[in-house]
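Hi,

Here is the structure I said I would pass on. Have a look at it first, and my notes on what turned up follow below.

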Amino acid sequence: MTAQTIAQTVVPALGEIPDFQVGDRVRTAVRFPVGHYRLPTYLRGKTGVVERVIPTMGVDNEEEGYGRNAGSKGHYYRIAIPMTEIWAEYKGQATDGLRIEVFETWLERI
Amino acid sequence: MHVENHDHDEPGHDHHHDHGHSDPHEEISITELPGYYDMLETAVRELLVERKLFGADEIRRQIEVLDSRTPALGAKVVARAWVDGEFRKRLLEDGRKGCEELGISFYDDTQLIVLENTPEVHNLIVCTLCSCYPRPVLGLPPDWYKLKPYRARAVYEPRAVLEEFGTHIPDDVEIVVSDSTAMVRYLVLPMRPAGTEGLSEEELAALVTRDAMIGVIPVEYQERAA
């Protein structure tokens, strides 16, 4: 990539480099905020794999819901979670899966 | 909004109701009292207009923007991807940029991931939390998309849901359900049906329906007997 050769001296801001990369194994947090949240409860505490780093940094929708936008941009990740990880008695194929975009504050590395 | 809209305009019906008509033409009117959220919306809207944070015309204009978006736009995107391999590549890499190339703007500041159906993978989209939907390319979502049965079941038993739409996905095909929640929206790129090699881009677009771009049905093509 030419961007790398031209801009080697550029220092990225904190948070500009995504914490997770494609292929990283992650777990979604188990917490139950009251109000506006964007990780559905059925996906709390689930293990998955980063399939894609969403290219544009975005505002944390949970903060945005309360009008707090400044400085709250971060990375969203498309996470792949097997259906059998979500539903113990899933009726379908073991390869069936779910994908969801998750803001970085909900993810921990495993 | 609870606007009663009875469409009683049958052809040949002259609307003279002075002869004991059992089903008189109802006036189009709002019959229900506004609910809690209707009143909240009205109050907030009136306050924002009163404080000059935006004008009534801006609301009208935005409704016009929303109404200009229909599944016909998505169908054009799909047909272009079917006939132009380079476009298809760019679209799969960045769905929003691909659509913007065709003049479809993203007024709601969402990103778009285009999900390609293949003989190995079938994609289905849902929003379990509310009704996130690729409105810039498909317009307003159908009612069933917004209701809880679809939202709950699409992620829990997608194969059963698809069967109810008349879609059977073989066991050796992987089902991928994308739950849209925050800033990313999804559009399914259905498989191009067999026998359509001779069709023009426009004819192809006419085959692509809303439901196929949500992923609940494949695109069908009935070859006409020559």
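One definition before the notes: two strands are taken to pair if DSSP finds at least two bridges between them. Please also keep in mind that this is a predicted model.

Strand 1 (residues 111-116) and strand 4 (residues 184-189) of chain B run parallel and are joined by six bridges. Strand 1 of chain B is mostly covered, with five of its six residues buried. As for annotation, an unreviewed UniProt entry lists residues 38-216 of chain B as "domain: Nitrile hydratase alpha/Thiocyanate hydrolase gamma". That span is 50% helix and 13% strand, and its end C-alpha atoms are 32 Å apart.

Chain A has three helices and seven strands, in the order α-β-β-β-α-β-β-α-β-β along the sequence. Its C-alpha atoms fill a box of roughly 50 × 35 × 20 Å along the principal axes, and 41% of its 110 residues are buried. The mean pLDDT of chain A is 90, and 94% of the residues score at least 70. Among its elements, strand 1 has the highest mean pLDDT at 98, while helix 1 (residues 2-6) has the lowest at 61. Where pLDDT is low, the predicted coordinates should not be read in detail.

Now the charges. Over all chains there are 20 salt bridges. In chain B, Arg45(B) pairs with Glu41(B), with the closest N and O atoms 2.7 Å apart. These two are four residues apart in helix 1 (residues 36-50) of chain B, so about one helical turn separates them. Arg60(B) and Asp57(B) also form a salt bridge, at 2.8 Å from N to O; they sit three residues apart in helix 2 (residues 56-67) of chain B. Another links Glu101(B) and Arg90(B), 2.7 Å between the closest N and O atoms. That pair connects helix 5 (residues 95-101) and helix 4 (residues 85-93) of chain B, eleven residues apart. There is also a salt-bridge network made up of Glu51(A), Arg78(A), Arg99(A) and Glu174(B).

And which side chain of opposite charge is nearest to Lys46(A), which is buried yet has no salt bridge? Glu85(A), at 5.5 Å; a salt bridge would need the nitrogen within 4 Å of a carboxyl oxygen. Lys46(A) is in the loop between strand 1 (25-28) and strand 2 (47-53) of chain A. Beyond its sequence neighbours within four places, its contacts include Val26(A), Thr28(A) and Ile81(A).

Cheers

Conventions: Residues numbered from 1 in each chain as written. Chains lettered and ligands numbered in written order. Predicted model: local features only at pLDDT ≥ 70, side-chain atom pairs only at ≥ 80, totals over all residues. Heavy atoms only, no water. Buried < 20%, exposed > 50% of the residue type's maximum accessible area, 1.4 Å probe, protein only. Lys, Arg positive; Asp, Glu negative; His and termini not counted. Contact = heavy atoms within 4.5 Å. pLDDT = per-residue confidence, 0-100. UniProt positions renumbered as here; feature names shortened; annotations may be inferred.
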